[in-house]
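Take a walk through this structure, one region at a time. Keep the sequence and the 3D view open as you read.

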Amino acid sequence: MSTPGNDKTFSNPVMNWIEYRLPIFSFIDNSVGSNYPTPRNLNYWWNFGSLAGVVLVIMIASGIVLAMQYTAHVGYAFESVERIMRDVNYGWLLRYLHMNGGSMFFILVYIHMFRGMYFGSFKSPRELVWIFGVMLILAMMATAFMGYVLPWGQMSFWGATVITNLFSAIPIVGESIVTWLWGGFSVANPTLNRFFALHYLFPFVIFALVFMHLWALHIHRSGNPTGIDPKSPEDTIPFHPYYTIKDAFGLGVFMIVFMAFVFFAPNFFGEPDNYIKANSMVTPPHIVPEWYFLPFYAILRAITFNILFIPAKLGGVIAMFGAVLILAVLPWLDRGKVRSARFRPVYKQFFWIFVADCIVLGIAGGKPPEGYWIPIGQAATAYYFLHFLVILPLLSKFERTLAPPESISAAVLQSNAGKKGAS
Amino acid sequence: MDKLLNIRISQALAAAALAIGLLAGPGVNSVNASEGAPTPPAQAWSFNGIFGSYDRAALKRGYQIYAEVCVSCHSLNLLSYRNLMEIGFTIDEVKAIAAESEVQGGPDAEGDPVMRAALPSDRFVPPFANDNAARASNNGALPPDLSLIAKARKGGPDYLYALLTGFHEEAPEGMTLPDGMNYNEYFPGHKIAMAPPLDGETVEYADGTPATLAQEAHDIVTFLTWAANPELEQRKSMGIKVILFLIVWTGMLYAWKVRIWKKLH
């Protein structure tokens with residue numbers, strides 16, 4: 001028995017019955033199975049996408065159970081989280097999983113993005129894969145920001161106040177937009193309620209975006225460290241079992257790290273102030289967002305001066321959102337034909353300088369805006385945009401690239417013969 | 001060769017920035033540092049480390065200090081009397097402790113409010129009816145709730161210990177203390193409304209342990225750390241099993257991976 005357009009048959013008659021009506025087994029096989037050809041030379045940097053997918057599932061699963069115990073009301077939110085921690089069976093485990101899962105999600109996705117930049121995964125024909133990725137990081141940021149407000153601690157409240165107030169920088173309608181976002185005239189119960197509703201909704205938006213990201217990926221399939229396209233069957237191997245087992249092993253390593261934080265340092269990424277209940281009458285001495293927002297927070301604060309008719313506050317907001325949105329046009333800023341940094345000696349250096357710049361931004365974002373941290377943050381911000389707007393366009397025009405290997409299999413055989421084990 | 005060297009330099013730069021980031025990471029948001037308070041010295045707590053657990057005797061002594069000293073100003077709102085059974089009190093002891101306080105019960109047959117003795121299921125009865133009453137009795141300062149204090153301060157238990165043992169009779173020269181304020185080496189800004197709560201003779205321990213300032217501070221901080229992290233022992237013992245399982249599981253996956261990939265080369 002065969003299905004229209006697919007001659008896949010199984011020894012199990014039940015599977016054949018289903019396959020004939022809904023070809024789900026061939027769909028799986030064509031997506032992540034033995035019928036999905038994958039470059040044979042993917043290194044461990046290619047594990048982070050699937051890891052992020054697993055963490056998304058963990059976040060949704062733990063989040064749904066937490067939502068069953070959480071109360072989205074300013075009078076009860078903080079206490080209901082503590083009730084989860086103290087009285088709900090394994091509530092502390094669910095909550096610490098969710099809390100640290102958020103940090104892990106960002107670590108994985110940031111590495112995933114840097115991998116895409118290093119190996120040119122955003123380049124033609126995978127621009128849409130990359131753009132869905134940028135939409136994903138934006139949706140993740142919105143979700144994480146609103147989730148951080150829910151425990152209704154001091155940082156939740158003041159973080160929400162600072163970030164929502166950014167919209168007041170928009171000319172003319174800014175103040176009205178902020179009132180509309182709050183559902184009132186300050187961050188209060190209506191704000192907490194809508195953030196809870198949206199925090200529950202957004203993960204499903206993320207899920208849909210992941211589907212688009214993967215759909216686009218599966219058209220032209222994974223890139224690879226050499227950046228050249230597979231040319232012959234020798235260049236590819238089936239996804240299953242080769243990459244299913246490699247991803248499973250990577251997942252094991254990641255889970256050891258993740259669980260070490262959950263069980264032995266659950267508050268490592270957190271702020272002590274968030275264990276103090278929100279109080280609109282007491283401002284914490286130093287309001288900071290979660291660590292994964294610090295580079296963008298540094299960019300926001302770097303604009304301390306008016307630019308022509310743009311006031312400093314609006315300038316900061318534009319710069320901060322611009323820092324994320326500029327990623328969406330990366331495929332057109334870096335138009336070099338050679339994808340992988342392995343064959344772009346100059347780009348490779350600028351890539352690492354860019355990584356260092358992002359780390360400097362992250363540190364500057366966590367420091368109080370005083371003393372030498374102001375010029376450091378400003379210089380790092382300037383370099384961030386310089387990298388995208390000047391260095392990358394010039395490099396793609398003038399860089400003398402090295403000759404990529406003949407084929408993926410040639411590269412693999414060469415590296416096996418030469419430096420054994422390196423990838 | 002030049003190119004190779006340059007690549008090394010930029011990679012070293014990134015590595016250096018990463019290293020600085022990791023080192024600065026925990027201190028990135030340091031509030032205390034910016035206000036001139038020294039870093040509290042690390043103490044050897046029984047609950048430190050992956051095998052850590054609470055010193056039961058210290059927990060009970062710590063509860064005694066809370067019940068005899070702290071409770072006159074500080075609430076413990078997130079804990080119930082029944083939670084004391086987790087640190088070794090029997091149900092009868094807990095009933096007796098709870099019954100010492102009164103809470104408002106349901107209305108009587110006439111609809112008038114009645115007061116009743118607290119039960120083990122009741123939350124710890126706070127010393128003041130509300131924040132205003134607390135401020136009125138404390139020279140305008142609000143004594144914080146202690147349920148989460150061990151998590152809600154940078155430095156956690158080490159900071160609390162340093163604070164409790166960090167009072168000085170006199171402020172250093174050049175600093176004037178307003179009326180009712182005290183000098184503390186570790187408090188951000190150094191001026192704290194709380195008078196030194198412990199002095200080494202504050203309590204007479206029920207278990208006969210000699211009461212010194214260090215002993216008292218150690219015991220109350222152990223108790224407050226438990227109050228903020230009652231799940232700590234369960235969490236750490238489960239964590240060890242989870243990590244051990246994951247190491248074995250990941251090792252097996254690695255062996256399997258090597259076996260599958262062998263077919264390729």
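This is a predicted model: local features need pLDDT of at least 70, side-chain atom pairs count only at pLDDT 80 or more; totals for chains, interfaces and linings use all residues.

Residues are numbered from 1 along each chain as its sequence is written, while chains are lettered from A and ligands numbered from 1 in the order in which they are written. The model scores ipTM 0.91 and pTM 0.92.

Begin with chain B. Its average pLDDT is 89, and 86% of its residues score at least 70. Here pLDDT is the predictor's confidence in each residue, from 0 to 100. Over residues 25–34 of chain B the pLDDT is below 50. Even so, this stretch has 17 contacts in the model beyond near neighbours in sequence. Two residues are in contact if their C-beta atoms, placed from the backbone, lie within 7 Å.

Chain B holds 9 helices and 5 strands. Helices (H or I, at least four residues) and strands (E, at least two) are DSSP runs, numbered from the N terminus. Along the sequence, the pattern reads α-α-α-α-β-β-α-α-α-β-β-β-α-α. Take the contacts in chain B between residues at least 6 apart in sequence: 62% of them join residues at least 24 apart. Of the 265 residues in chain B, 28% are buried. A residue is buried if 20 or more other C-beta atoms lie within 10 Å of its own, exposed if 12 or fewer, and partly exposed in between, with C-beta atoms placed from the backbone.

Now see where the chains meet. In this contact, 43 residues of chain B touch 44 residues of chain A. On the chain B side, the elements that give two or more residues are helix H1 (2–24), helix H2 (31–34), helix H6 (149–152) and helix H9 (232–262). H9(B) supplies the largest share, 16 residues. By class, the chain B side has 26 nonpolar, 9 polar and 8 charged residues. Ala, Val, Leu, Ile, Met, Phe, Trp, Tyr, Cys and Pro count as nonpolar, Asp, Glu, Lys and Arg as charged, and the others, Gly among them, as polar.

Next comes the interior. In soluble globular proteins, nonpolar side chains tend to be buried together. The largest nonpolar core in this model has 92 residues. Such a core is a set of buried Ala, Val, Leu, Ile, Met, Phe, Trp, Tyr and Cys residues joined through C-beta atoms within 7 Å. The members that touch the most others are A:Ala52, A:Val55, A:Phe105, A:Leu108, A:Ala298, A:Ile299 and A:Leu361. Helix H5 (residues 91–118) of chain A gives the most to this core, with 14 residues. Apart from it lies another core, of 41 residues, with B:Tyr54, B:Ala58, B:Phe124 and B:Tyr186 among them.

Stay with A:Ala298. Beyond its neighbours within four places in sequence, A:Ala298 contacts A:Leu361, A:Ala364, A:Gly365, A:Gly377, A:Ala380 and A:Thr381. What does its helix meet? A:Ala298, A:Ile299, A:Arg301 and A:Ala302 in H11(A) meet A:Gly377, A:Gln378, A:Ala380, A:Thr381 and A:Tyr384 in H15(A). This contact has 5 nonpolar, 3 polar and 1 charged residues.

How do these two helices cross? The axes of H11(A) (residues 294–302) and H15(A) (residues 373–398) come within 9 Å and cross at roughly 105°. That makes H11(A) roughly perpendicular to H15(A). Axes are lines fitted to C-alpha atoms, for helices over the stretch in contact, and angles run from 0 to 180 degrees between N-to-C directions. Angles under 35 degrees count as roughly parallel, over 145 as roughly antiparallel, 65 to 115 as roughly perpendicular and the rest as oblique.

Some backbone details in chain A remain. The peptide bond from A:Ser124 to A:Pro125 is cis, with omega near 5°. A:Pro125 sits in the loop between H5 and helix H6 (127–149) of chain A. Another cis bond joins A:His240 and A:Pro241, with omega about 10°. A:Pro241 belongs to helix H10 (residues 239–264) of chain A.

Last, look at A:Pro39, in strand S1 (residues 37–39) of chain A. A:Pro39 is buried, with 22 other C-beta atoms within 10 Å. A:Pro39 and A:Pro230 are 191 residues apart in sequence, yet 6.7 Å apart in space, C-alpha to C-alpha.
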